[in-house]
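Let's take a friendly walk through a protein model, one piece at a time. Keep the 3D view open as you read.

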Amino acid sequence: DQVFRRGENLIESANNLEDARPHHGTGVVSIAVGGQPEAHRLIGIAPGAEVITYRLESGAGPPTFYRLSAVNFVAAIADAHQAGAMALIHEYTDPNSYAGDGSSALELAIDEAHNNGVIQVCPVGNMNVSHKHIERRQIDCEEVACPPIDLPLNIPRTIALGPQMVPVDSVLMMVAVTGGRPPSVSIVSPDGATAEIELNGQPQFAGPNIFAAGIVEVTPRNTGIVNLVLYAEPAIPVGRYSLRLNQVPGNALVHGRVNDMKTGWTRGVAWAEPTEGSGTICYPSTADRCIGVGAVGGRTTFDFNDSAGFGDGSGPGELRGYSGRGPRIDGDRAVDICAPDDPISAAYPDEMNLQAGLGHAGFRNFGGTSGAGPFVLGALALMAEAFPNENSDERVMRLLNSADPAPMGDETDRG
């Protein structure tokens with residue numbers, strides 16, 4: 001709960017070296033409002049705007065399933081409204097736990113805040129080429145005759161954790177199914193053995209040296225969810241597994257997410273038959289009233305090959321391959337607009353200078369949809385200054401109408 005005035009050196013005001021190190025929010029705030037036109041060569045989109053920042057923990061939640069609890073985030077949204085904020089950007093995600101149909105407590109709080117005049121901006125995430133999303137559609141069938149749906153999953157021997165390669169000791173999975181009833185699930189091991197998992201939150205045997213636990217819920221918008229965690233000590237055996245879904249209703253759409261808690265947006269544990277180009281947007285950009293922001297190339301061309309899959313050859317103005325795509329599981333478009341992903345206006349302390357006690361800051365790229373989102377936030381701040389009598393809906397429409405239209409057929413990808 002600290003207040004800093006314009007012109008203060010926030011690096012030198014830090015209590016210790018760790019506080020002075022850059023974090024995700026450093027880049028976001030710098031792109032949106034950083035710098036002063038008369039003093040700096042590189043400035044943010046709206047350097048005259050004032051900011052309130054919240055650095056939050058996820059709060060209490062079922063620890064076994066690592067679900068992002070909305071309690072602290074909902075409280076921050078209410079506080080920003082009380083403080084008179086014009087817009088709020090959500091630079092966090094939980095891509096592996098929620099249905100993303102717009103009905104969770106956090107998504108509804110985002111909607112309410114927008115309706116109360118605080119525009120909400122949500123980067124859509126960088127999941128599209130991570131191979132951590134899968135979609136399947138059940139056939140047209142009667143309930144008793146509907147076949148199981150298998151979601152094949154590859155467990156590698158090791159995955160990247162920074163510069164190190166480490167074994168896979170835990171895997172989180174989420175399955176969302178339209179139609180209102182969560183499926184029953186089984187784990188099929190590489191040797192063909194099948195273990196049905198009771199979705200009661202209790203650990204149980206799921207294969208050689210593997211344990212599992214799962215929970216279920218049905219959202220207010222009639223989406224069935226299964227959250228499942230697999231874990232083993234020291235590691236889950238290598239191989240191709242399947243998450244088998246039973247009792248999936250006819251014509252139901254299935255979304256599956258997987259997370260090894262180490263590789264983030266890059267490839268690690270992955271679906272063996274992943275879906276790209278559809279449904280890869282991430283919560284909470286799935287809220288009805290949040291502006292979902294995707295990423296297009298800003299200054300650079302991704303012309304390299306890498307294990308993360310980001311080297312797709314996309315250049316300036318082209319949709320980045322990693323940028324999350326719509327629609328939501330219920331068909332809502334969700335991606336509203338795209339912005340550049342690699343600005344250099346993010347101020348970062350130089351590590352060597354910090355260690356030497358000099359406190360000098362430098363600049364570096366800050367990319368992904370997290371780098372695109374503050375462009376939209378900054379643009380909204382300029383609109384508020386230029387058109388002070390417009391309400392939040394009018395400013396959002398002005399923003400969207402000012403953007404170049406997406407190519408025909410790309411609306412769910414670009415807005």
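A polar contact is a pair of N or O atoms within 3.5 Å, and within protein one of them must be able to donate a hydrogen and the other to accept it. Keep in mind that the model you see is predicted.

**Helix H7 and its start**

With that cut-off in hand, look at the start of H7, where a side-chain oxygen of Asn 391 reaches to within 3.1 Å of the backbone nitrogen of Asp 393. Which residues of helix H7 are buried? In this helix, which covers residues 392–402, they are Ser 392, Arg 395, Val 396 and Leu 399. Viewed down the axis of H7, these buried residues fall within an arc of 100°, so they line one face of the helix. What do the buried residues of H7 pack against? Their partners are the helices H4 (105–115) and H6 (369–386), together with the strands S2 (119–123), S16 (290–296) and S17 (337–340).

**Strand S16 and its partners**

Strand S16, one of the elements that H7 packs against, deserves a visit of its own. Seven of its seven residues are buried, so S16 is mostly covered. Cys 290, Gly 292, Gly 294 and Val 296 point one way from the strand, while Ile 291, Val 293 and Ala 295 point the other way.

Is the pairing of S2 with S16 parallel or antiparallel? The two strands run parallel and are joined by four bridges. In this pairing, Cys 122 stands opposite Gly 292 of S16. S16 also pairs with S17 in the parallel sense, again over four bridges, and there Gly 294 has Cys 338 of S17 as its bridge partner.

**A six-stranded sheet**

Now turn to another part of the model. Six strands form an open sheet in the order S3-S14-S7-S12-S11-S10, with antiparallel pairing. Strand S3 (133–137) and strand S10 (204–207) stand at the edges, and each has a single partner strand, so one side of each is left without a neighbour in the sheet. On average, neighbouring strands of this sheet are turned by 25° against each other, direction ignored.

Within the sheet, how many bridges join S7 to S12? Nine bridges link strand S7 (residues 170–178) and strand S12 (residues 223–231), which run antiparallel.

**A cluster of rings**

A pair of aromatic rings is described by the distance of the centres and the angle of the planes. The structure holds four aromatic pairs, and two of the pairs are set out here.

| Ring pair | Centre to centre | Angle between planes | Type |
|---|---|---|---|
| Phe 205 and Phe 211 | 6.4 Å | 80° | edge-to-face |
| Phe 211 and Tyr 231 | 6.2 Å | 25° | stacked |

Phe 211 lies in strand S11 (residues 210–218) and Tyr 231 in strand S12, so their pair ties together parts that are 20 residues apart in sequence. Ring pairs link Phe 205, Phe 211 and Tyr 231 into a cluster. How open are these residues? Phe 205 counts as exposed, at 54% relative accessibility. Phe 211 is partly exposed at 37%, and Tyr 231 is also partly exposed, at 29%.

**Two loop residues**

Finally, stop at two loops. Ser 104 sits in the loop between strand S1 (87–89) and H4. Is Ser 104 buried or exposed? Its relative accessibility is 14%, and buried means under 20%, so Ser 104 counts as buried. The side chain of Ser 104 makes a polar contact of 2.8 Å with the side chain of Glu 107. Leaving out residues up to four places away in sequence, Ser 104 touches Tyr 98 and Tyr 283.

Ala 272 is found in the loop between strand S15 (270–271) and S16. With a relative accessible area of 23%, Ala 272 is partly exposed. Beyond its neighbours within four places in sequence, Ala 272 is in contact with Pro 152, Leu 153, Asn 154 and Arg 240. The C-alpha atoms of Ala 272 and Tyr 241 are separated by 9.0 Å, and these residues are 31 residues apart along the chain.

Terms used
Residues numbered from 1 in each chain as written. Predicted model: local features only at pLDDT ≥ 70, side-chain atom pairs only at ≥ 80, totals over all residues. Heavy atoms only, no water. Pairing = 2+ DSSP bridges. Axes fitted to C-alpha atoms, helices over the stretch in contact; angles between N-to-C directions. Buried < 20%, exposed > 50% of the residue type's maximum accessible area, 1.4 Å probe, protein only. Arc of directions from axis to C-beta. Contact = heavy atoms within 4.5 Å. Phe/Tyr/Trp six-rings, centres within 6.5 Å; stacked < 30°, edge-to-face > 60°.
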